[in-house]
Amino acid sequence: MKIYLMRHGETDLNKKRCFYGSLDVSINQRGKEQALVLENQMRDIPIDRVYVSSLRRSQETAQLVFPIHHPIPLKNMDEKGFGLWEGLTADQIQEQFPLEWEAWLAAPFTYRPPEAEAFRDFQDRVWTETDRLVKVHPGQSLALVAHLGVLRLIYQRLVDPSALFWDIDFPQGTMTVVEKEGTDVTAYLLGKEVVDDKNNS
């Protein structure tokens, strides 16, 4: 089994380095260029199914990367919702929610920002969907276009449970290939990094 993991193309909120998990925004021109780079790399690679999150930025990216496929949306692969922090930069959050910001920095996996999705709920839905895809597609080649936080969790689930969440990177304009043969799993990066942005999106 092979899974081609790709992060959606750049958005204007990426460029501004905002938190915007559940906000439904489009990719920008840079994001379209990143998607076309991936389309060129994937053109001759056979894919059985293409999955995306339910958010516009991943769907727009997938439509450019896989023009002959019909991507299947999975809401469980949406980015983590950040509640009242969405659309704000770290500096703006710190200014408007100083106590909450410090609490989140101290415990980002247990503290829940105002009106945000709990990290454990986010993790559970992504891991449940990941397990389902692996179970129903043995021996097949899948592609998934999703979000940085989602892809980090998938990497922990399938490749390295001990990997630190914040250290796992999926640069836009690249793909990470996960190969699974029985209990053996390997992962490697394909593509040229065309933007350096480690913000959740």
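Trainee: What should I keep in mind about numbering and confidence?

Mentor: Residues count from 1 along each chain as its sequence is written, and side-chain values use heavy atoms, with hydrogens and water left out. As the model is predicted, local features need pLDDT of at least 70 and side-chain atom pairs count only at pLDDT 80 or more, while totals for chains, interfaces and linings use all residues.

Trainee: Why is the contact of E39 and R43 called a salt bridge?

Mentor: A salt bridge needs a side-chain nitrogen of Lys or Arg within 4 Å of a carboxyl oxygen of Asp or Glu. For E39 and R43 the N to O distance is 2.6 Å, so the pair qualifies. The whole structure holds 7 salt bridges.

Trainee: What makes E39 buried or exposed, and what about R43?

Mentor: Buried means under 20% relative accessible area, exposed over 50%, and partly exposed in between (1.4 Å probe, protein chains only). E39 has 15%, so E39 is buried; R43 has 52%, so R43 is exposed.

Trainee: How do you know that R157 and D131 tie together separate parts of the chain?

Mentor: Their closest N and O atoms are 2.6 Å apart, in a salt bridge. R157 lies in helix α7 (residues 148–158) and D131 in helix α6, so the pair ties together parts that are 26 residues apart in sequence. Helices here are DSSP runs (H or I, at least four residues), strands likewise (E, at least two), numbered from the N terminus. R157 has a relative accessible area of 36%, so R157 is partly exposed, and D131, at 32%, is partly exposed too.

Trainee: Now the rings. Why is the pair F19 and W85 given its name?

Mentor: Rings of Phe, Tyr and Trp (its six-membered ring) pair if their centres lie within 6.5 Å; planes under 30 degrees apart count as stacked, over 60 as edge-to-face and the rest as tilted. F19 and W85 have centres 6.5 Å apart and planes at 85°, so the pair is edge-to-face. Both residues are buried.

Trainee: And what makes F109 and W166 stacked?

Mentor: Their planes meet at 25° with the centres 5.7 Å apart, so this pair is stacked. F109 and W166 belong to one aromatic cluster, whose members also include F82.

Trainee: How do you know that K80 lies over the face of F82?

Mentor: NZ of Lys or CZ of Arg must be within 6 Å of the ring centre and within 35 degrees of the ring normal. K80 is 4.2 Å from the ring centre and lies over the face of F82.
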